[in-house]
Amino acid sequence: MHIPDLSEWTYNTHGNDGYQYRSVGWLGGAVTHPGDTDPTIVATLRFLWNVNQLPDDYRGLHTCEICGENHDKGEFFVEDQAVRFVLPNMVLHYIEAHHYRLPDVVEAAVRRRSQERHGSPHDSPPPDGRGGNLWRRFVRLMRSR
């Protein structure tokens, strides 16, 4: 399913919680914004994929419309102040296998999240206390690069 990047239309309905929701990475059958993605962005997206999943009334598996090889479901978000960029869980496949590049504004938001998570002390979980084990794995991954 294709939804233009940064569109206000999203696949699922999101509550009236004070955030503006924008769709990102819903490619359909073509990569509309090709390019290389910094490995730090990919690693941070993997972390956010684990801790920022959005509720999903099971709508079935989605198959990559570009290659037909990968199957996934659901969506997660990248938060940047009052905006939540909503990405399909397939976005990591799109980035790694098809060289999709996030819009600059979303890359900048992911980079800010990465910088927040790299602040001292490095071995502490995020201040909200979520994802402590994931956080430690993320720190180990980043240190190994």
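Me: What does pLDDT tell me, and what is its mean for the chain?

Reply: pLDDT is the predictor's confidence in each residue, on a scale from 0 to 100. This model is predicted, and the mean pLDDT of the chain is 82, with 78% of the residues reaching 70 or more.

Me: Which elements have the lowest and the highest mean pLDDT?

Reply: Among the elements, helix α4 (residues 132–143) has the lowest mean, 58, while α2 has the highest, 96. Over residues 120–131 the pLDDT is below 50, although this stretch still has 18 contacts in the model beyond near neighbours in sequence. Where pLDDT is low, the predicted coordinates should not be read in detail.

Me: Thanks! How many helices and strands are there in the chain, and what pattern do they follow?

Reply: You will find four helices and seven strands. Going along the sequence, their pattern is β-β-β-α-β-β-β-β-α-α-α. As for contacts with a separation of 6 or more, 61% are between residues 24 or more positions apart.

Me: What share of the chain is made up of buried residues?

Reply: Of the 145 residues, 43% are buried. The chain exposes about 7,800 Å², and carbon and sulfur atoms supply 48% of that area.

Me: Now the inside. Which residues touch the most other members of the largest nonpolar core?

Reply: Start with the general idea: in soluble globular proteins, nonpolar side chains tend to be buried together. Here the largest nonpolar core has 24 residues, and those touching the most other members are Leu 45, Val 78, Phe 85, Leu 87, Val 91, Tyr 100 and Leu 102. Two or more residues come from each of α1 (39–51), β6 (75–80), β7 (83–88), α2 (91–98) and α3 (104–117). The most come from α1, which gives six residues. Another core lies apart from this one; it has six residues, including Ile 3, Leu 54, Phe 77 and Val 86.

Me: Let me turn to a strand. Why is β7 described as largely enclosed by the rest of the structure?

Reply: A residue counts as buried when its relative accessible area is under 20%. Six of the six residues of β7 are buried, so β7 is largely enclosed.

Me: How does β7 run beside β2, parallel or antiparallel? And beside β6?

Reply: Strand β2 (residues 20–23) and β7 run parallel and are joined by four bridges; Ser 23, for instance, has Val 86 of β7 as its bridge partner. In contrast, β6 and β7 run antiparallel, joined by six bridges. Here Phe 76 is paired with Leu 87 of β7. The β6 and β7 hairpin has two residues between its strands, and Gln 81 takes a positive phi near 60°.

Me: One last stop: where is Asn 89, and what does its side chain reach?

Reply: Asn 89 is in the loop between β7 and α2. At 7% relative accessibility, Asn 89 counts as buried. Its side chain reaches the backbone oxygen of Lys 73 at 2.6 Å. Leaving aside neighbours within four places in sequence, Asn 89 is in contact with Trp 49, Gln 53, Asp 72, Lys 73, Gly 74, Glu 75 and Phe 76.

Technical notes. Residues numbered from 1 in each chain as written. Predicted model: local features only at pLDDT ≥ 70, side-chain atom pairs only at ≥ 80, totals over all residues. Heavy atoms only, no water. Core = buried A, V, L, I, M, F, W, Y, C linked by side-chain atoms within 4.5 Å. Buried < 20%, exposed > 50% of the residue type's maximum accessible area, 1.4 Å probe, protein only. Polar contact = N/O pair within 3.5 Å; in protein donor to acceptor, adjacent residues only side chain to side chain. Contact = heavy atoms within 4.5 Å. Pairing = 2+ DSSP bridges. Areas by Shrake-Rupley, 256 points an atom, 1.4 Å probe, with all protein chains shown as cover.
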